[in-house]
Amino acid sequence: MNKTAAWPLAGIYAVLIIYASLYPFESWRSQGVDWTAFFWAPWPRYWTSFDVLSNVLGYAPLGFVVALALQRSAPQWPAVILTLAMGSLLALAMESMQLFLPARVPSNLDWCLNSLGTLIGAGTAWILERFGFLDRWSRFRANWFLPDAKGSLVLLALWPVALLFPAPVPMGLGQVLERAEEALALWLQETPWLDWLPVREVELQPLLPFYEILCVSLGQLLPCLLAFSLVRQGHQKVVSWFFLSGFGLLCTALSAALTYGPAHAWSWLSPQVQVALVLAALAAWPLMWLKEKTLQVLALVGLVLQLTLLNNASANVYFALTLQNWEQGQFIRFHGLIQWVGWLWPFVLLVYLMRRLSSARHTKMSA
């Protein structure tokens with residue numbers, strides 16, 4: 001069984017599918033309907049192209065990464081058949097559980113489209129393997145990345161997804177304290193534990209322009225530091241910087257386009273953000289040549305500083321309106337999915353960096 005980064009990605013994506021399928025997790029109850037009723041029901045009369053595409057495309061990445069993981073770790077197994085079975089069973093389980101959620105409507109069409117998406121993804125992975133593209137990726141990974149780069153590659157693959165959900169500060173992932181306090185206070189209403197909730201003496205204030213520039217710079221620089229710590233050669237680090245910088249700009253622009261409309265895709269590029277991106281670019285070039293552990297230490301320090309600044313500031317009033325655009329529109333099934341990636345990504349990176357540095361220290365002491 002060969003190690004591959006596809007297995008962690010498959011597990012993460014499966015959890016996100018479960019979240020999206022069972023959102024909003026409210027009013028669970030038995031509605032007195034047989035769990036197989038939707039399976040034999042007639043095809044739904046009304047459906048939209050968005051529903052079809054979202055159900056197919058939602059499961060296609062799962063089929064791709066699961067089939068890829070099976071082909072890399074157990075090539076003797078029938079990857080496409082096993083992937084289709086797993087994806088179809090997951091979709092069937094999600095549709096069955098929606099019978100207990102009044103806000104969701106199970107559909108045999110959704111189940112078929114989810115299975116089709118799984119098959120498309122698995123078939124794509126099989127074709128890429130058949131024509132040798134995955135072997136080329138293995139050679140590319142061996143030439144570019146260090147052997148223990150699996151965890152870093154998973155985090156880098158999830159970073160563009162995390163940027164899709166609108167953030168109060170561009171590139172500023174992990175600003176969760178204010179919303180977490182509001183959610184906790186709401187959950188504890190009419191309970192004796194509400195009095196135990198600590199209350200701040202001073203209300204949070206928006207970031208000052210200087211700190212906003214610092215947070216945007218760090219948000220753009222952190223994935224680059226992570227990439228520099230796992231890429232082998234200097235010219236490869238230059239390429240990875242161009243790639244990650246471009247991806248960060250495009251994904252943030254896509255998030256703005258989905259939220260405000262295509263005409264406002266670049267409206268987030270304020271003068272402060274432009275200065276921050278230039279500073280991040282200037283800082284990245286000398287940092288490329290540092291050693292792996294030094295880069296990880298700098299990334300850890302920068303991440304702690306960014307999270308501290310972001311979570312000691314409040315979001316502006318326009319951000320609440322931004323969230324309503326997502327939560328009341330056609331993103332209702334997906335906003336929570338991407339939101340959690342954006343919220344948790346920096347904290348997972350924090351734990352990952354601490355573990356890497358701790359393991360390196362223990363290895364050095366034992367040697």
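Me: What makes L158 a kink in helix α7?

Reply: The bend there is about 30°, shortly before the proline P160, and α7 spans residues 150-164. The bend is the angle between axes fitted to the seven residues ending at a residue and the seven starting there. Helices are DSSP runs (H or I, at least four residues), numbered from the N terminus.

Me: What are the ground rules for the values?

Reply: This is a predicted model: local features need pLDDT of at least 70, side-chain atom pairs count only at pLDDT 80 or more, and totals for chains, interfaces and linings use all residues. Residues are numbered from 1 along each chain as its sequence is written, and side-chain values use heavy atoms, with hydrogens and water left out.

Me: Why is α7 called largely enclosed?

Reply: Because 11 of its 15 residues are buried. Buried means under 20% relative accessible area, exposed over 50%, partly exposed in between (1.4 Å probe, protein chains only). L158 and P160 are among the buried ones.

Me: Which residues touch the most other members of the largest nonpolar core?

Reply: F228 and W345, in a core of 61 residues. A nonpolar core is a set of buried Ala, Val, Leu, Ile, Met, Phe, Trp, Tyr and Cys residues joined through side-chain atoms within 4.5 Å. The largest share, 10 residues, comes from α9.

Me: What does W345 touch?

Reply: L155, L158, W159, A162 and L173, not counting residues up to four places away in sequence. Contact means heavy atoms within 4.5 Å.

Terms used
Helix = DSSP H or I, 4+ residues; strand = E, 2+ residues; numbered from the N terminus.
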